[in-house]
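Subject: Salt bridges in the model

Hi,

Here is the structure we talked about. Please look it over before you read my notes below.

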2 protein chains.
Amino acid sequence: MQRTFEIDPWKIVTHKLDKANKRLQESMTSIGNGYMGMRGMFEEDYSADTHSGIYIGGVWFPDKTVVGWWKNGYPKYFGKVINAVNFDKVNVWLNDQKLDLATTPIKDFELSLDMKTGILTRQFTVDNQETQVRFTIQRFVSVAQKQLFDVSYQVENLGSQPVTIRIVSEINADVSNEDANYDEKFWNVKTKAQTTDSGYLIAETKPNDFGTPQFTVGTQMTHQTDLKAVQTAETEKNVVNTFEGTLANQESSQFEKRVIVVTSRDYDDDATLKAGMEVLSQKVAAQTHQQLVTEQSVEWAKRWAKADVQISGDDAAQQGIRFNLFQLFSTFYGEDKRLNIGPKGFTGEKYGGATYWDTEGFALPLYLSLADQKVSENLLEYRHNQLAGAFHNAREQGLKGALYPMVTFNGIENHNEWEITFEEIHRNGTIAYAIYNYTRYTGDETYLKTKGIDVLTAISRFWADRVHWSKRKGVYMIHGVTGPNEYENNVNNNWYTNLLAQWTLKYTLESLKKVSDKKIADLAISKEEEAQWQDIIHKMYLPEDKKLGIFVQNDCFLDKDLQPVTSIPKDQLPINQHWSWDKILRSPYIKQADVLQGIWYFIDKFPEDVKKRNFDFYEPLTVHESSLSACVHAILAADLRYEQKAVEMYERTARLDLDNYNNDTVDGLHITSMTGSWLAIVQGFAGMRVSGDQLSFKPFLPKKWTAYQFRINFRGRLIEVRVDTTGTKINLLKGQPLKVQLNQEVVALKGGD
Amino acid sequence: MQRTFEIDPWKIVTHKLDKANKRLQESMTSIGNGYMGMRGMFEEDYSADTHSGIYIGGVWFPDKTVVGWWKNGYPKYFGKVINAVNFDKVNVWLNDQKLDLATTPIKDFELSLDMKTGILTRQFTVDNQETQVRFTIQRFVSVAQKQLFDVSYQVENLGSQPVTIRIVSEINADVSNEDANYDEKFWNVKTKAQTTDSGYLIAETKPNDFGTPQFTVGTQMTHQTDLKAVQTAETEKNVVNTFEGTLANQESSQFEKRVIVVTSRDYDDDATLKAGMEVLSQKVAAQTHQQLVTEQSVEWAKRWAKADVQISGDDAAQQGIRFNLFQLFSTFYGEDKRLNIGPKGFTGEKYGGATYWDTEGFALPLYLSLADQKVSENLLEYRHNQLAGAFHNAREQGLKGALYPMVTFNGIENHNEWEITFEEIHRNGTIAYAIYNYTRYTGDETYLKTKGIDVLTAISRFWADRVHWSKRKGVYMIHGVTGPNEYENNVNNNWYTNLLAQWTLKYTLESLKKVSDKKIADLAISKEEEAQWQDIIHKMYLPEDKKLGIFVQNDCFLDKDLQPVTSIPKDQLPINQHWSWDKILRSPYIKQADVLQGIWYFIDKFPEDVKKRNFDFYEPLTVHESSLSACVHAILAADLRYEQKAVEMYERTARLDLDNYNNDTVDGLHITSMTGSWLAIVQGFAGMRVSGDQLSFKPFLPKKWTAYQFRINFRGRLIEVRVDTTGTKINLLKGQPLKVQLNQEVVALKGGD
């Protein structure tokens, strides 16, 4: 645990420039607007350790797959979101001394990210014998105008002598990724131009060997300042504007850089792209800085009005949940259905910014409650649009139907470990489950009937081909899989995977009853196929141990040496950093919820005692070395009224990054697992469930808290739930009256109550 | 199947320069003397496709491990035998036309490897309008003087005009491997010098990051010729001697290049290495070419006298078995206990020339019968000398005792697939079994008591730590292994692995009774440890199916969809080239003998009906996509008197390379599996067994053969076995009288009978 920022309910703030943990501070002060985002690196050059990263949603490059020993079926490339053309660069000279916070003496430093508005403010005073100059630098990526990045400087001369100031603002295409092979550069400049006070650069990602599209990105900068623009020389890969002036004692200057970023994802050709870029530049040029800031604040206020979670009595927890919501929304707010949620969002290079099953498994439930229905629908459509890729992945393995990828940008599998690429197929079940989850929560079957059914049918066909009939046992089995617990590989009959396969077939058959005859015809499902699915549903093998009364994670699991996690010497944790892979595999230790993941998915379908026996058996064996684990255990613990365990699990999720629990936040934030803390509160502490059309709650108040409250939207309503020492209040803030269940009783919400 | 050479009982001969299959011809005409060896590339430059390779035993380089996703415990480097400084290079000009068989018009081509003498002869006539010149080129690496390579030219002018001839002989250190990353060169020249008719070059392998030794190789060339030596310029990385002359009509010239190759493996420093190189050069300089050739023929004759297998009625089979023996002995004849047998010997780069368990599993039984006992002892000592590395490998996995590597040069594991590196631990059992096999065959317990016991104890300690106690089943288990059948990974309780673990413990405890008290004390085996081993022996889990009466390959195997290999569409074979890895893994198809490997190891311990039921069950599921599989099935089929199946399996092994069965002989020969054809004849067709002190035979004659005979040495005797249509004759050629069992009866061999 490492806490580098102060506790504050609404701010991520520090008064220390922590050079030793610069990257950590940069990760934590990342900003984004779904369209693009950036780490918290400084605008000016910084001569000590730093990791500059700007990322544009959906702009990626396919890097050749590198493995020691090739296996048939491996994907040809591994995609990665590439570091964008650098457009935030601004360098400053004071009396011809270049500003470099690694070396320039400063005082009164403050770095503060306001989560209410998404504005990052940096303040410091340059403090030389000859000069005292105060800087206040604010930047944001606009939520109101997605293509806009804005950074503004207020520079005040506090010294007694006049100070000459020179500000050099540029757009630079000479950029690479830290994880690039051989520091290759990804950008080729197509065209660029500049005036004394503005400039643009249009660059294209370099060609690739895999036939995936190249991306063109246009970046235009304009400036508003009382400094004087002076002529400047551009180089081959950048455009530069330089501004100069002299500040008398107590005098101050303003400088603002506005950057418009457009991509070929939104424009058909370079001409329209260039035109679009200029239109947008002119549009923002017509607005004052204050107007841009106000827009930004208003948009964030709207989001918080729907989503904020308030916790009393625990500011650290309060800050944690808000930070998680803020970063989630900065990564994805669902406006662009072509985009999705990478495990690190716009905050780092790791995992290449691609899509994992985290989205459907952990992010969707949150967006269902906190964003418009359309946002969740877009998340589902993303997969519908990638059906072709999923068919391709299944074909690569010689199988029918669709296999959704473990890691992808375009539907084509990207990952290259056989035990995951080929075997962690439970992901397919979560893609199907998300359709069920969406339909159950919204009560709206339109998506299911029009598009969801295509995905369900394709996945069902995969399962039906992937199972095999075990003559000896007279059941259908699924051999050779990796479950959610990646600490076992190539196992047989993972209960969770078999359950989801069986459930998918069942749900697909039910759903087919609801769709149009034309759809049925289009899907070309024969009676024989339906009969085969029915047969699999009835004869699917779901390993159980009658004596222990539990579901068995997979064949042979109970033959292991079942010592609890508490028996592992502390200095050997986390085991994935201390044990050889084979030792991890044959150990009974579970990386993340596996059987319990299945119980969470269908939490209202299992009797209390079954949930209890399984939780009591698997929880002590779980090391939670995945950030997607603790929240599931928190919800189940709460469901079983293991309140202390639920709180313990919540705390593992809420400040994972703020307190750098896993000591890896330097690489970027754990975006997809940030939903965990919200799930732990809403589905866990407050016990929110939707079964049939019934919304219900079964809340408890964690001991160290005096109150918590949150809002959810549910079927056109906005509902506020407050839990404090006096009990639970449920308030209908918007929408039609509704009956909800609170503990055992049903209460009617009429609004204003 | 692709046959590029003619059928001949003693020669590998062709009269066609097959440019399309040049690499194949080069692999097949490889020569070696255990110390060094080379592919059959031409001495002169060849401008079309060719693969030049010269390899020196034990001279290798550690190449950085490259994997997509790192796993704890992976080795840091992958070792490879590097292409040696090129010393066979000789270029020829006729009337200033450079000889290049890719373009120069020739006739009367013959390429012939005489397996009796190990001499490779190449003949052709250059046939231009102006010149007809006959070349006869012979080369060999001397078996009598290991450091000597000799290539001799007889050049005769058949034309009517005089011909000027220039021969340029060189040693060149500008060499790389085809499989090198980025074509890196491995050799740095340390020193070199030349006279008009001789030269030497001393080069060192480039430094590495892994602390493994660099190797220095000294190469000196001298020449015997009636041509005139002329001055010539050397370059930075080579030494060159040039010779010229004019041949009148019908006149001929001789040219001979003798190269001495010495390495830092045999000399402490460069000074002694250089001195040693010169001493050897002078020694051979004192001998005539005829003397060198005679030495060579005599040494090979000695080998054949002990080892030849004669087959009547099937020249293809005759050629096959001789080719296999010839190439095996060219790779390894046991003089240097620091060396071992790489899967491709000196015939190619693949598998890096490292040591696999093939040696103990498949090569040792052959060397026991065909070479001096000392040779087999050296093979065992190789592992004893690498105990430190084996301890290291076990430590890397957090385990006690010794784990012998899958792939190695120095005892340190080299391979980097977790399912093999960490899990294919059955290899450890074969290292132990080899000690038993050696002791049983020789009847000599000296090695066992002095060194073998160290290895057995270390391996037993590994097994004792690697098993776990399954409380539920009340047995010891071994989870997470890959058996000999590499078409299943990370399985539990592989019968073969568990059997060998149990057997090793048993054999170690028995052997400990025989060793000195001092040894016992050195090994520090406590009563508790012995007791623990006993407990594991008694309670080891060996999966069996009572109903089928078979041993079960591993847990869950019988749950698979058990369709025979005959059900696989022909166009999907071999499955490893057509199926995604996961499909192979969950299929029932067996790459190489697994349960049957164990039955072969202890063939006299299992009752007939047990052997039969297991063979009948597993054979139809085996695809034999490893070259180490068919011979085991051949032996068991013969044992069960499935004569036709035995012959079918023999044929898969005997001409694997000669007929390029697996279409991969271009990469080099399958050296370690060449023992398979001999095993199939001697242990299979002739049914040779040794149990206790009793040598026995139970022969049959394959239908299409009229006779076969072979010789074995057994405990100081040389015995000839002849099987023909009239029956079996066993002849004691040398040594003390002996009783052997032939079928049911015991016959006394007195010699001369």
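Glu43(A) and Arg139(A) form a salt bridge, with 2.7 Å between the closest N and O atoms. The term means a side-chain nitrogen of Lys or Arg within 4 Å of a carboxyl oxygen of Asp or Glu. This pair links distant parts of the chain, 96 residues apart: Glu43(A) is in the loop between E3 and E4, Arg139(A) in strand E11 (residues 132-141). Strands (E, at least two residues) and helices (H or I, at least four) are DSSP runs, numbered from the N terminus.

Glu43(A) is buried at 2% relative accessible area. Arg139(A) is buried too, at 3%. Cut-offs: buried is under 20%, exposed over 50%, partly exposed in between (1.4 Å probe, protein chains only).

This is a predicted model: local features need pLDDT of at least 70, side-chain atom pairs pLDDT 80 or more, while totals for chains, interfaces and linings use all residues. Side-chain values use heavy atoms, without hydrogens and water; residues count from 1 along each chain as written, and chains are lettered from A and ligands numbered from 1 in written order.

Next, Asp308(A) and Arg322(A). Their closest N and O atoms are 2.8 Å apart, in a salt bridge. Asp308(A) sits in the loop between helix H3 (289-307) and strand E20 (309-312), and Arg322(A) in helix H4 (residues 315-331). Asp308(A) is buried at 9%, and Arg322(A) is buried at 5%.

There is also a network: shared partners join Glu43(A), Glu44(A), Asp88(A), Arg122(A) and Arg139(A) through salt bridges.

Over all chains, the count is 124 salt bridges.

Best wishes
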